[in-house]
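The sequence and structure come first, followed by the text.

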Amino acid sequence: MGAAALDRAASAFALDVRAGLTRPGQKELPSVYLYDALGSALFEAITLLPEYGLTRADERILRSHAGAIVEQLPVPLVVTELGSGSGRKTRWILEALARGGPVTYYPIDISAAALARCKLELAEIGSIGVVGLEQPYLEGLAEVAARRSAGEALLVLFLGSTIGNFERAAAEEFLRAIRRSLCPVDGLLLGTDLVKPPARLIAAYDDPTGVTAAFNLNLLARINRELGGNFALRHFAHQARYDETRQRIEMHLVSARRQAVSIPAAGIAVTFEKGETIWTEACHKFRLGEIEAMAARCGFRSQAQWVDPQWPFAESLWIAG
Ligand code: AVJ
């Protein structure tokens, strides 16, 4: 990132922190800011926790069904992914496609570091060209759609249940925006975590080793590092709640006491009551029928669905129809 872009990004963070912590009622911070370098490393550690089965389920489905998934799509096919992740899950799809000839893969991510790691991970697979796009998802997708040549179909990957971080209405708005970049015959492979017993979900988001707690608290540490804040991390505690009506996990940071915090670069001083929380993330869970209905409302045809038996998670292939 150039100096100007860096300033812009830093001030967007400052503005969002300011807006989220000064709003009346529930204080909140956008979950995208959980993923700085340390937060991303902590999330990678989360994916190894025995209690957090989501990422392994996602990868198991892709590994076992990559052939069947790519068979549903026309060739030649260009693949793009919203969020490059580590490239580990995607390799199964790319390898299946590469058996039929050279493939171009466009990971889209706002993190240059994530794109670099993804390139490295996929480097040794022959006949796959990796072109990283350091852009927000929809801008990157528009770019990929513009670059592909006539006669090439596009497969968009949106894995890991990242869609679950959006409020339900915003999720559909986002899926409709994806649809607008696509042509009929293009596909969207959407990963969604499914509803499961609350105790299992709580264990996944409040693990006994405290990795998820560290992931959550790192957001306050990031505010201290980047915005000069003076959060005392010891006086906040990680909390995972399950909201049955909204079918979602919510992560909060609970203030252990009445306290004041100042964040100079955001131009604010904030007070917290004892027990007051900052809401940091929502992870929506889905039912199978709900996913099909969502496809229809967003301008897609639900073509096929694969579910992991060990950890209820669905991979859905939608066709822009
Ligand atoms: C990366 C958004 C899929 O919602 O499960 C993991 C993030 N937060 N543990 C999820 C997360 C706490 C994760 N996603």
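Two strands are taken to pair if DSSP finds at least two bridges between them. In this predicted model, β3 and β4 meet that condition, because three bridges join the two strands, which run parallel. Tyr105 stands opposite Val130 in β4.

β3 and β4 belong to an open sheet of seven strands with mixed pairing, in the order β4-β3-β2-β5-β6-β13-β12. Its edge strands are β4 and β12 (300-307), each of which pairs on one side only. From one strand to the next, the twist averages 20 degrees. The helix α4 packs on this sheet and touches β2, β3, β4, β5 (153-158) and β6 (187-193). The direction of α4 makes about 160 degrees with that of β3.

Which residues of α5 are buried? They are Ala114, Leu115, Cys118 and Leu122. Seen down the axis of α5, the buried residues fall within an arc of 100 degrees, so they line one face of the helix. These buried residues pack against α4 (90-98), β3 (103-108) and β4.

In soluble globular proteins, nonpolar side chains tend to be buried together. The largest nonpolar core here has 69 residues, of which Leu189, Phe231 and Ile263 touch the most other members. A second, separate core of 28 residues includes Leu175, Ile178, Leu182 and Leu188. Apart from neighbours within four places in sequence, the contacts of Ile263 are Val17, Leu21, Ile223, Leu227, Gly229, Phe231 and Ile268.

Most residues other than glycine have a negative phi, and most peptide bonds are trans.

| Site | Feature | Value |
|---|---|---|
| Val75 and Pro76 | cis peptide bond | omega about -5 degrees |
| Ser127 | positive phi | about 60 degrees |
| Gln247 | positive phi | near 50 degrees |

Pro76 lies in the loop between α3 (54-71) and β2 (77-82). Ser127 is in the loop between α5 (112-122) and β4 (128-130), while Gln247 is in the loop between β7 (236-243) and β8 (248-255).

Gln247 counts as buried because its relative accessibility is 13%, and the cut-off for buried is under 20%.

Methods. Residues are numbered from 1 along each chain as its sequence is written. This is a predicted model: local features need pLDDT of at least 70, side-chain atom pairs count only at pLDDT 80 or more; totals for chains, interfaces and linings use all residues. Side-chain values use heavy atoms; hydrogens and water are left out. Helices (H or I, at least four residues) and strands (E, at least two) are DSSP runs, numbered from the N terminus. Buried means under 20% relative accessible area, exposed over 50%, partly exposed in between (1.4 Å probe, protein chains only). The arc is that of the directions from the helix axis to the C-beta atoms. Contact means heavy atoms within 4.5 Å. A nonpolar core is a set of buried Ala, Val, Leu, Ile, Met, Phe, Trp, Tyr and Cys residues joined through side-chain atoms within 4.5 Å. Axes are lines fitted to C-alpha atoms, for helices over the stretch in contact, and angles run from 0 to 180 degrees between N-to-C directions.
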